[in-house]
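Colleague: I have not looked at this one before. Can you walk me through it?

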Amino acid sequence: MMHFYYATKTLQIYSNRTLYKSFRMVLIILRHGESEWNKLNKFTGLIDIELSDGGKQEAISAGEILRGCRFDHIFSSNLARTIQTAEIIARVQNNNVAITQIPDFRERDYGDLTSKNKTELTEEFGSAQVTTWRRSFRESPPNGENLEQVTKRVGDAYQKHVQQLVSTGKNVLIVAHGNSLRALFVHLGIKNPVTIEKFEIGTAVPIQIDPVNMKFRYENAYELSSYQIIDSRGYPSLEVQCVDRRTKRVLGKGSTPSGASCGSTEVCELRDGDKDLYHGKSVFGAVDKISELNEHFVLSKKTMSNLSKCDEQFIALDGTEMKTKYGGNTSTALSFCMANTAANLMNQELYEYITDHYGVRTTEVGCNLPTPFVNIINGGKHGVTEDLKIQEFMIFAREDLSTSQQIRLYCEIYHTLKNLLVEKYGEQAKSIGDEGGFCPPIYSAEEALTIIEEAIEKSNYNVGKDVFIALDCAASEFYNTETKMYEIEKDKFVNSEELVDYYGDLIAKHPALKSIEDGFHESDYEAWKLFTCKFADKLMIVGDDLFTTNPKLIKQGLEEQWANTLLLKVNQIGTITEAIQGAKMVMDTGNEVIVSHRSGETNHAYIIDIAVGIGAKYVKIGSPCRGERVAKFNRLLEIEHKLLNLHA
Ligand code: 2PG
Ligand code: MG
């Protein structure tokens, strides 16, 4: 009985909430739709510029969102772009209330900057200066108004014309400008001279203001909606969807993977920690954070077509280094969702979208899709016993083979290896680990490498010619920070220098070994440097926990030559934009990037699109076994098929 009682209680507490609340009518404010000069990226100020066609569309959609509200009063400034926006909204609402123009709600006077192009000014004066002119509260553009002055005139006008109406419960719409509305936020005490500087207002997105409690929330035409799903280990993850509120159509979706061997500098993974719920792993709090984000997130077609803008909005709202306010798992699922949404809105495949917006290198037809790193023996935290200390024994194919040829090779070797393991160690040796690789009773690297080489040859491929070997040691997991010793094999302890030699011996004995990831503890930098100095010309020295896809660490690591290859995992840093920023830094130095799955995965295969989109040479995806891994193999095949057909 207890059990049922508890289950019911849980469902009540954590039902997935929907955000679609009806308006508490009072005050709605709205920046006008895009003008012809917004489109050209010019400072408009007091010049009277009309709405663009896109701006008119935005106004129509604002009218639709506000359809349920009947305004008693509508105010605009005396400039055409606000009047037109207000008229369109009133027309869509079928509301013939007169629109009152209040000249003091006009845009800020940009002085000498008026009619200048923002990008050109940035090139001439630098972005810091231009941002100051645009956003500073106290500094004015040359011969123009500062935001403090605007706050004075807008505030006085609000007190004179609007305040009384609002306090007597009238429904009021104000259509004004980016800066006059920012000024109003300060006047109403919702923002202050400091917080207003980072506050941007998107075009034609209605904002509901609660002047009594000094709160606001966006009323977007689109909604972020989230619910809890499970990952490949049966632990909760969150799925985020971007939904059109009017049609209920899903425009894009994403979820977040989760690691077992994590770097200490990975962004925060927000879990509820209630031991009675999914062993403490539920993510209902993160699901709720997505609901909350709706209030302060601008979701217009324009922002949703621009992934960087969405990621930037999250970063600004969260405001913490480790994404602790909203959660790095929240931001990862959101970033994947918005990437998928953007690609769908642009009618593109995600990899095409990424190439167009972030492309580091372009992918040509056929054989140079990223080469998979395939994890066929699972040890460490991903294995059955953790007695095999090195976490991953992977194979990767010759890069001039096509994706289909490579995948054929992986599957054949995978099955040969299975047979060999069963022959040698019995049926239980074919049990599989978190990433689909086998977990035989093997406890040394030497033994694992030998049987892998045998499987390659037995499948009629050439070791070191057709197929290469890669390790992910995940060495932080077997390092003792007090004794500074590594337990590289069961009961075999070595110090950092001895470990460099240990790897050196493996490389000498197994020349097909061409990549070693996380060979050392994430902050044993001296060992990393020594290893890189000795072996960087022979193999890929891959930093995973070392870099945690963090641009700051990557920069430092490149300068100090910690490693020569980046393992890229979006959920280590929390947004696709930041992850790609890190990848670019590595590629710019002529080094390589491996885009990677996590040991706890979901069925989305966006990592493949990211790898293809940025032109990464490698992608690490586990074995051709377990649905969540297979999804990645099959996405590669799908892209190959599409590229071949496109260019046929
Ligand atoms: C790694 C990953 C993926 P985890 O260490 O590279 O293989 O494992 O997701 O557990 O960190
Ligand atoms: Mg790793």
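Modeller: The talk below goes through the metal site, a strand, a loop residue and a ligand. Keep in mind that this is a predicted model.

Colleague: Start with the metal. Which residues are the protein donors of the magnesium ion (ligand 2)?

Modeller: Asp-472, Glu-517 and Asp-544 are the protein donors, at 2.0 to 2.2 Å from the magnesium ion. Their spacing along the chain is D-x44-E-x26-D. Glu-517 belongs to strand 16 (residues 513-517), while Asp-544 sits in the loop between strand 17 (540-543) and helix 19 (551-560), so this pair ties together parts 27 residues apart in sequence.

Colleague: Are Glu-517 and Asp-544 buried or exposed?

Modeller: Both Glu-517 and Asp-544 are buried.

Colleague: Moving on to strand 11. How many of its residues are buried?

Modeller: Six of the six residues in strand 11 (residues 392-397) are buried. Glu-392, Met-394 and Phe-396 point one way, and Phe-393, Ile-395 and Ala-397 point the other way.

Colleague: Why would they alternate like that?

Modeller: Side chains in a regular strand alternate between the two faces of the sheet.

Colleague: What does strand 11 pair with?

Modeller: Strand 10 (residues 371-378) is joined to strand 11 by five bridges, and the two run antiparallel. Strand 12 is also antiparallel to strand 11, with six bridges between them. Take Phe-396 as an example: Phe-373 stands opposite Phe-396, and in strand 12 the bridge partner of Phe-396 is Phe-468.

Colleague: Now Asp-466. Where is it?

Modeller: Asp-466 is in the loop between helix 16 (445-458) and strand 12 (467-472). Its relative accessible area is 15%, so Asp-466 counts as buried, the cut-off being under 20%.

Colleague: What does Asp-466 touch?

Modeller: Leaving out residues up to four places away in sequence, Asp-466 touches Phe-396, Ala-397, Arg-398, Leu-409 and Tyr-461. A polar atom of the Asp-466 side chain also lies 2.7 Å from the backbone nitrogen of Asn-462.

Colleague: Last topic, ligand 1. How many residues surround it?

Modeller: Ligand 1 is surrounded by 16 residues, and the closest are Ala-260, Glu-392, Glu-435, Ser-599 and Lys-620.

Colleague: Which polar side-chain atoms come up to its oxygens?

Modeller: The side chain of Glu-392 has an N or O atom 2.6 Å from an oxygen atom of ligand 1. For Glu-435 the distance from such a side-chain atom to an oxygen atom of ligand 1 is 2.6 Å. A polar side-chain atom of Lys-569 is 3.1 Å from an oxygen atom of ligand 1.

Colleague: And how much of ligand 1 does the protein cover?

Modeller: The protein covers 100% of the 310 Å² of accessible area that ligand 1 has on its own.

Methods. Residues are numbered from 1 along each chain as its sequence is written. Chains are lettered from A and ligands numbered from 1 in the order in which they are written. This is a predicted model: local features need pLDDT of at least 70, side-chain atom pairs count only at pLDDT 80 or more; totals for chains, interfaces and linings use all residues. Side-chain values use heavy atoms; hydrogens and water are left out. Donors are N, O and S atoms within 2.8 Å of the metal (3.2 Å for Na, K and Ca); water is not among the atoms, so sites may look incomplete. Helices (H or I, at least four residues) and strands (E, at least two) are DSSP runs, numbered from the N terminus. Buried means under 20% relative accessible area, exposed over 50%, partly exposed in between (1.4 Å probe, protein chains only). A polar contact is a pair of N or O atoms within 3.5 Å; within protein, one must be able to donate a hydrogen and the other to accept it, and residues adjacent in sequence count only if both atoms are side-chain atoms. Contact means heavy atoms within 4.5 Å. Two strands pair if DSSP finds at least two bridges between them. A residue is near a molecule or strand if one of its heavy atoms lies within 4 Å of it. Accessible areas come from the Shrake-Rupley method with a 1.4 Å probe; for residues, only the protein chains shown count as cover.
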